[in-house]
Amino acid sequence: MVKRAWQNWLARRLPRDHQVQLNQRRIFILPSGYGVLYLVVALLLFLGGVNYENNLILALCFLMVSLFVMGILHTFRNLSGLTLRAGAARNGFVGGHGGLAVVLVSQGQPHRSVWLSWPGQDAQEVSLETGEEKAVWLNLALPRRGPVRPHRLRVESRYPLGLLRAWSLVALEHHCLAWPRPREDAPSPWDGSGGSGGTGRHGSEAFQGLRAYVLGDSLRQVDWKGYARGRGMNTKLFDAEEGERLWLGYDRLEGLPEEQRLALLCHWVLLLSEAGQPFGLRLPAMELAPGSGDEHRLRALDLLALHGNERGQR
């Protein structure tokens, strides 16, 4: 109940946005552990000075308190005015890590020794000069398929004296895509223009080259002559017409659970991309026209990650 109330209060006071500038409404400040000890020593000095009527001890106590009060101002100012913006994203596979870039912008003053972290992760330190802009990459665990949004980013500083800890909990509007983890424990889910399940050669195809045989390749495309000569088992690749290129189909894996289908499709997306074989991808609500190359591979992986997600349906 308390945790939920705290999260609701944070959502009202510090709403999620693509860009956030830290100000007095967004910055919290409290004494650090060292600062608490510092205040205890100052209090003991005050009690000793009053008890023994020693003006020198009282002067030292008042000096310590003055430094602490000045430290409040300078620690707050070190974060005040700092702008944080959602940057680029590096997607990854389920069970691994992605990466999100947080762009920090210093406009009116420098910001020293600022620490950035998500809950449960090691913090990264960054300092900025006036007018400087820096991008800090933070790892993000990807426990499930689809868009993964990070928790609130903790922005903290104890500069300059370490007596106080100023921090903010920033919610930036960005995410990573978690692609399905590839697996290869089923036949190939591809189809050709004629509806056959293999990749048989057509008269309009042009020979492109060879690649190592993988489970699921059509035996009609195996280079048996090369195999007989001891060159290993390789598969022939052909450049087909647009209508004859391979289609990876979700429906071709009927009977398997959804996540297993996507994992198998992911495996073949990576395999065909590595071989330079053009392919298309058919999902229940989305379709990717046949193509090849790194951009095509990333688009296919993103569609697999977004399958069944509202963002992917738009």
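Axes here are lines fitted to C-alpha atoms, for helices over the stretch in contact, and angles run from 0 to 180 degrees between N-to-C directions. Helices (H or I, at least four residues) and strands (E, at least two) are DSSP runs, numbered from the N terminus. This is a predicted model, in which local features need pLDDT of at least 70 and side-chain atom pairs count only at pLDDT 80 or more, while totals for chains, interfaces and linings use all residues. Residues are numbered from 1 along each chain as its sequence is written, and side-chain values use heavy atoms, with hydrogens and water left out.

**Stop 1: H2 and H3**

Select residues 33-52, helix H2, and residues 55-79, helix H3. Their axes come within 8 Å and cross at roughly 155°. H2 and H3 are therefore roughly antiparallel to each other, a label for angles over 145 degrees. Contact means heavy atoms within 4.5 Å. On the H2 side, the contact is made by Gly35, Tyr38, Leu39, Val41, Ala42, Leu45, Phe46, Gly49 and Val50. On the H3 side, select Ile57, Leu58, Leu60, Cys61, Phe62, Met64, Val65, Leu67 and Phe68. Colour these residues by class: 16 are nonpolar, two polar and none charged. In this scheme Ala, Val, Leu, Ile, Met, Phe, Trp, Tyr, Cys and Pro count as nonpolar, Asp, Glu, Lys and Arg as charged, and the others, Gly among them, as polar.

**Stop 2: H5 and H6**

Next select helix H5, residues 258-275, and helix H6, residues 294-306. Their axes come within 10 Å and cross at roughly 180°, which makes H5 roughly antiparallel to H6. Leu262, Leu265, Cys266, Val269, Leu270 and Ser273 of H5 meet Arg297, Ala300, Leu301 and Leu304 of H6. The residues of this contact divide into eight nonpolar, one polar and one charged.

**Stop 3: Ser117**

Move to strand S6, residues 111-117, which holds Ser117. Is Ser117 buried or exposed? Ser117 is buried, with a relative accessible area of 12%; buried means under 20%, exposed over 50% and partly exposed in between (1.4 Å probe, protein chains only). Leaving out residues up to four places away in sequence, Ser117 touches Asp122, Ala123, Arg152, Leu153 and Arg154.

**Stop 4: the whole chain**

Zoom out to the protein chain, with its seven helices and 18 strands. Of its 314 residues, 44% count as buried. Among contacts between residues at least 6 apart in sequence, 66% join residues at least 24 apart.

Technical notes:
Angles under 35 degrees count as roughly parallel, over 145 as roughly antiparallel, 65 to 115 as roughly perpendicular and the rest as oblique.
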